[in-house]
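Hello,

Please find the structure we spoke about just below. My notes on it follow, written for someone who has not seen it before.

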Amino acid sequence: MQENITRLQAALDAFDITTAEQLEQFRVAFTGRKGQLADLFDELKTVAPDQRRAVGQQLNQLKQYAQQKFEQRQQELAAASANAPADPTFDYTLPTVPNALGTRHPLSLVREEIVRILARIGFNVEEGPEIEDDWHNFTALNFPENHPARDMQDTFFVHRTPGQPEWVLRTHTSPVQVRVMQSQKPPIRSIMPGRVYRNEAISARAHMMFHQVEALFVDENVSFADLKQTVYYFVQELFGDDMQVRFRPSFFPFTEPSAEIDITCLICKGKGCNICKGTGWVEIGGCGMVDPAVLEQSGIDPEKYSGYAWGMGIERIAMLKYQIKDLRLFTENDMRFLRQFEAS
Ligand code: DAH
């Protein structure tokens, strides 16, 4: 045993540690769990009982010695590597690896622009729930129960228990008009962007989920002229001063009179092409004077107040603005599509 101890002491002294690898080799050979020190501690049981204590002490000293050598070299190596001269082959003037920045979705870009344009003339943003009750989505907007006008919009019904209120995925953002009028007093000047749902087969021109933005202005003496002027301003801010707007008589249950808003076709600039089917005009939304019955249902006195409203599809505007031909691109998350909006 004594010989083994002497030999180990010599081996510990002889072992050079100048690199991290050697430090590790030292640990494995001597102080590690399966190292030579552990072996000697195992042998302790073969030593005669009267000497065991003395030999044990010797071994402990040896172990301490080995550990001290290990820790000291470890510290020296760490200090040396911290002070090591820079790698001469490394070019510190290289640019850093750039972070991959995300891009804003084209629908967000368009929505934000719409909000900015209308905020400049005093419209604030309001939101409503996407799961809507039948009353707000239809009844309060003058769609009588069982009236075929409800078929204008293919509705997803969430819950249909006889005798209970029906819940739907809102088919348009118009129910937010009702919620805003119920909770605020005129003058009301709000826009309501949001997601809407319709039970339609997905194609290049239709989707079961898309976005609209609603505008509502309610005050004393609001007229159709106010509506037209605001739409002119809006369209010219969004698409440019050379844009023309026309109002085409139409029908919506919640407005009277109602109109569809057409603008100069952006592709052919009004000359006529296959996008505008040769007319030179493309439709961007519906509008009208809020029907007095809707004001009344929403708790606003139609004798005192009048209002206008309009609603537009955000996808539709984005498609016209960026000349996107397929609605499905908005939801497919194809990076080749999304990257094109990087600089916008
Ligand atoms: N909510 C209608 C739709 O989704 C669009 C609309 C038409 C909204 C006329 C309006 C409006 O506010 O006045 O088809």
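A residue is called buried when its relative accessible area is under 20%, exposed when it is over 50%, and partly exposed in between. Glutamine 323, at 44% relative accessibility, therefore counts as partly exposed. Its place is the loop between helix H10 (314-322) and helix H11 (329-332). Phi of glutamine 323 is near 55°, which is a positive value in a residue other than glycine. Please keep in mind throughout that this is a predicted model.

Overall layout

The protein chain has twelve helices and ten strands. Its radius of gyration is 39 Å, well over the 20 Å that the globule rule gives for 344 residues, so the chain is more spread out than a compact globule. Along the principal axes, the C-alpha atoms fill a box of roughly 115 × 55 × 40 Å. The chain is divided into domain 1, residues 2-82, and domain 2, residues 106-341. Between the C-alpha centres of domain 1 and domain 2 there are 81 Å. Of the 344 residues, 42% are buried. Among contacts with a separation of 6 or more, 64% are made by residues 24 or more positions apart.

Aromatic rings

The whole structure holds 16 aromatic pairs. One of them joins phenylalanine 15 and phenylalanine 26: the ring centres are 5.6 Å apart and the planes stand at 75°, so the pair is edge-to-face. Phenylalanine 15 lies in the loop between helix H1 (2-14) and helix H2 (20-31), while phenylalanine 26 lies in helix H2, so this pair ties together parts that are eleven residues apart in sequence. Phenylalanine 26 counts as buried, at 0% relative accessibility.

Phenylalanine 15 also pairs with phenylalanine 30, with ring centres 5.7 Å apart and planes at 85°, so that pair is edge-to-face as well. Phenylalanine 30 is in helix H2, so here the parts tied together are 15 residues apart in sequence. With a relative accessible area of 3%, phenylalanine 30 is buried. Ring pairs link Phe15, Phe26, Phe30 and Phe70 into a cluster.

Around aspartate 291

Where does aspartate 291 sit? The answer is the loop between strand E9 (281-290) and helix H9 (292-297). Aspartate 291 counts as buried, at 14% relative accessibility. Leaving aside neighbours within four places in sequence, aspartate 291 is in contact with Asn142, Pro253, Phe254, Thr255 and Glu256.

Asparagine 142 belongs to the loop between H6 and strand E3 (156-159). Asparagine 142 counts as partly exposed, at 25% relative accessibility. Its phi is near 75°, again a positive value in a residue other than glycine.

Glutamate 256 is listed by UniProt, in an unreviewed entry, under "binding site". Glutamate 256 lies in strand E8 (residues 255-264) and is partly exposed, with a relative accessible area of 48%. Apart from neighbours within four places in sequence, glutamate 256 is in contact with Met289 and Asp291. The peptide bond from glutamate 256 to proline 257 is cis, with omega near -5°; proline 257 is also in strand E8.

Asparagine 137 lies in helix H6 (residues 134-137) and is buried, with a relative accessible area of 0%. Beyond its neighbours within four places in sequence, asparagine 137 is in contact with Glu132, Phe143, Val168, Arg170, Thr171, His172 and Pro175.

Pro175 is one of the buried residues of H7, the others being Ser174, Val176, Gln177, Val178, Val180 and Met181. Seven of the ten residues of helix H7 (residues 174-183) are buried, so this helix is largely enclosed by the rest of the structure. Proline 187 lies in the loop between H7 and strand E5 (188-197).

Regards

Definitions and conventions:
Residues numbered from 1 in each chain as written. Predicted model: local features only at pLDDT ≥ 70, side-chain atom pairs only at ≥ 80, totals over all residues. Heavy atoms only, no water. Helix = DSSP H or I, 4+ residues; strand = E, 2+ residues; numbered from the N terminus. Buried < 20%, exposed > 50% of the residue type's maximum accessible area, 1.4 Å probe, protein only. Contact = heavy atoms within 4.5 Å. Phe/Tyr/Trp six-rings, centres within 6.5 Å; stacked < 30°, edge-to-face > 60°. Domains from an automatic or database assignment. UniProt positions renumbered as here; feature names shortened; annotations may be inferred. Rg over C-alpha atoms; globule rule 2.2 N^0.38 Å.
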